[in-house]
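Hi,

Here is the structure I promised to send over. Have a look at it first, and then read on for what turned up.

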Amino acid sequence: MSKVLAVAEQKDGALRGAALEVVAAAADLAAGLGGEVHALSLGGPGLQGAVGELAQFGAARVLVGEHDALARYLPENYATAVAAAAREGGYAAVLFAATSQGKDLAPRVAALLDVPLATDVTALEVEDGAPLAVRPVFAGKAFARVRSSASPFLASIRPNVFQCQEREAAGVVETFTPTIGEARTRFREFRAVEGTVDVGEATVVVSGGRGMKDPAQWSVLEELRDAVGTGCALGASRAVVDAGWRPHGEQVGQTGKTVSPKLYFALGISGAIQHLAGMRTSGTIVAVNKDPDAPIFKVADYGIVGDLFEVVPRLAQEIRALGRG
Amino acid sequence: MNVIVCIKRVPDTETRIRVAASGTAIDPAGVKYIVSPYDEFALEAALRLKESGGAAEVTAMTLGDPAAAEQLRSALAMGADRVVRLEGEPGPDGLATARVLAAELASADAGLVLFGVKAVDDDQQQIGPMVATLLDRPCVTAVAEFALEGDRVVCHREVDGGIEIVDVPLPAVVTITKGSYEPRYASLKGIMAAKKKPLEEKPAASVPARLELLRLELPPERPAGRILGEGPDAVPELVRLLREEAKVL
């Protein structure tokens, strides 16, 4: 039987949204391969109660590996534990989320297992009984269809792309004894950045460009972000990051993040080719720009020509009114 | 301590991508090539480390065809002491590429090996941690800034929701993201000197690829959008469409 292992990420004892997507993607892949999904969640003691939800999203078995050494993400410990679980289970495929953690972890597991890895995948298919992945290259200017001749097939999936839905059959939650490696990475400190939702994982992105004119004007965008609420993050064009107005973590585009939120607001962004590459797979794109010929309007579903300092506050106000209605 | 920076020749980020007739490569006609921007940050980080006395020698290394000599010359012009080209071409199988690099790095005298966090052509974002794992060395990824502290390197990582600070013992592998290392422009003197410096060329280890690129495709064009109007008066219609048509609010 072709079992698929879904590595389900948690943070501070709570499941990440991306974890459900990995399990859902694994369930679809497993259906194509004629197998079942096992979700693997690693973390510190007390994890078991937090990850049961995975059993409702397509995991036949939820393997919960609790250990003091896994309370915090230390790459060597996690890579050793995941690689050991993959070996012992004899999986046909192992899926990760292409989050910060997944991007760090998956290549290490691939090297330990001596199999190639397809990163940041946006579609998975089964062809002639074998998995096949589609992944963006050149930040989404093109897509590559790749196939691995090694087993297991390893891939990380891009957040916000794969649909997750509750399934009828619920799986079982089991205790799993993780193999612990020798961590050489020493954790010192975490400095949370305000806003907390990462632009790469946000369901709505409010992005500002040179048309914002001044970094002090960002309060206008923050107001819109707050009006949208949970799951909304700020983004930025390369021009404003290069100018030092915004941190690189917010940059969308070929030398920043490639994002696929359900809704993308491009505000005062003209639409340079390297920016378009990073956001064109968004569900719905809204552009506000005072230049009616700006290239951003070619990819936007809805556009408003005008002064964003008049349009955006009104937009925030109308969206807030929806919430009250 | 010596530092090796692995760099890659990639199309300029402003390139409009066209697929070649083969269906598995881009059409190179008219494409300008550059050092992948994150690799430039890594090289800048290495050069600053040397300038502050933390590194003795900086080597830039690439796996590439003869055309990649152009990017190695750029690295020399920025200030690299040595450049090495491993003859070959990095393909879709990142682990195969990592094996080739690891085979060369295993015997190289380098306390620190730097990579860009990802190459901006195939966006694999995996070579650095793979090389480190193959060499059994610690690795810190997505580092915006780092400093040596005794025999350890302290790294500021850019992660979801914030900055994580970790340290690892040397020798180590670090992948660099955009942060503190805005690359310098090569001086005229540097460019002239780069022309005279030798370019080492070596055969690369032979590693079969197991991840195959079946087809490269352009994304479907997005359907033409609508300009709803001018100024704030168009906002109510936008909100209605976002709610009723796109169903995203």
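Let me start with a helix pair in chain B. R73(B), L76(B), A77(B) and M78(B) on α2(B) meet G190(B), I191(B) and A194(B) on α5(B). Sorted by class, that contact is made of five nonpolar residues, one polar and one charged. Do bear in mind throughout that this is a predicted model.

How do those two helices sit against each other? Two packed helices are described by the angle between their axes and the distance between the axes. Here, α2 (residues 69-78) and α5 (residues 188-196) of chain B pack at an angle of about 130°, and their axes are 7 Å apart. The crossing of α2(B) past α5(B) is right-handed.

Next, the place where the chains touch. On the chain B side, 71 residues are in contact with 71 residues of chain A. Which elements of chain B give two or more residues to that side? They are the helices α3 (94-105), α4 (127-135) and α6 (235-244), along with the strands β7 (139-149), β8 (152-159), β9 (162-169), β12 (211-217) and β13 (226-230). The most comes from β9(B), with eight residues. By class, the side of chain B that touches chain A divides into 38 nonpolar, 14 polar and 19 charged residues.

Strand β10 of chain A (residues 142-148) is joined to β12(B) by six bridges, and the two run antiparallel. If you want to find the spot on screen, look for A144(A), which stands opposite L216(B), and for F143(A), which stands opposite E217(B).

Within chain A, β10(A) has another partner. Six bridges join it to strand β9 (residues 130-137) of chain A, again in an antiparallel arrangement.

To put the strand in context, β10(A) is bridged to β9(A) and to β12(B).

Happy to go through any of this with you.

Cheers

Terms used. Residues numbered from 1 in each chain as written. Chains lettered and ligands numbered in written order. Predicted model: local features only at pLDDT ≥ 70, side-chain atom pairs only at ≥ 80, totals over all residues. Axes fitted to C-alpha atoms, helices over the stretch in contact; angles between N-to-C directions. Helix = DSSP H or I, 4+ residues; strand = E, 2+ residues; numbered from the N terminus. Left-handed = near helix turned anticlockwise from the far one by under 90°. Contact = placed C-beta atoms within 7 Å. Nonpolar A, V, L, I, M, F, W, Y, C, P; charged D, E, K, R; others polar. Pairing = 2+ DSSP bridges.
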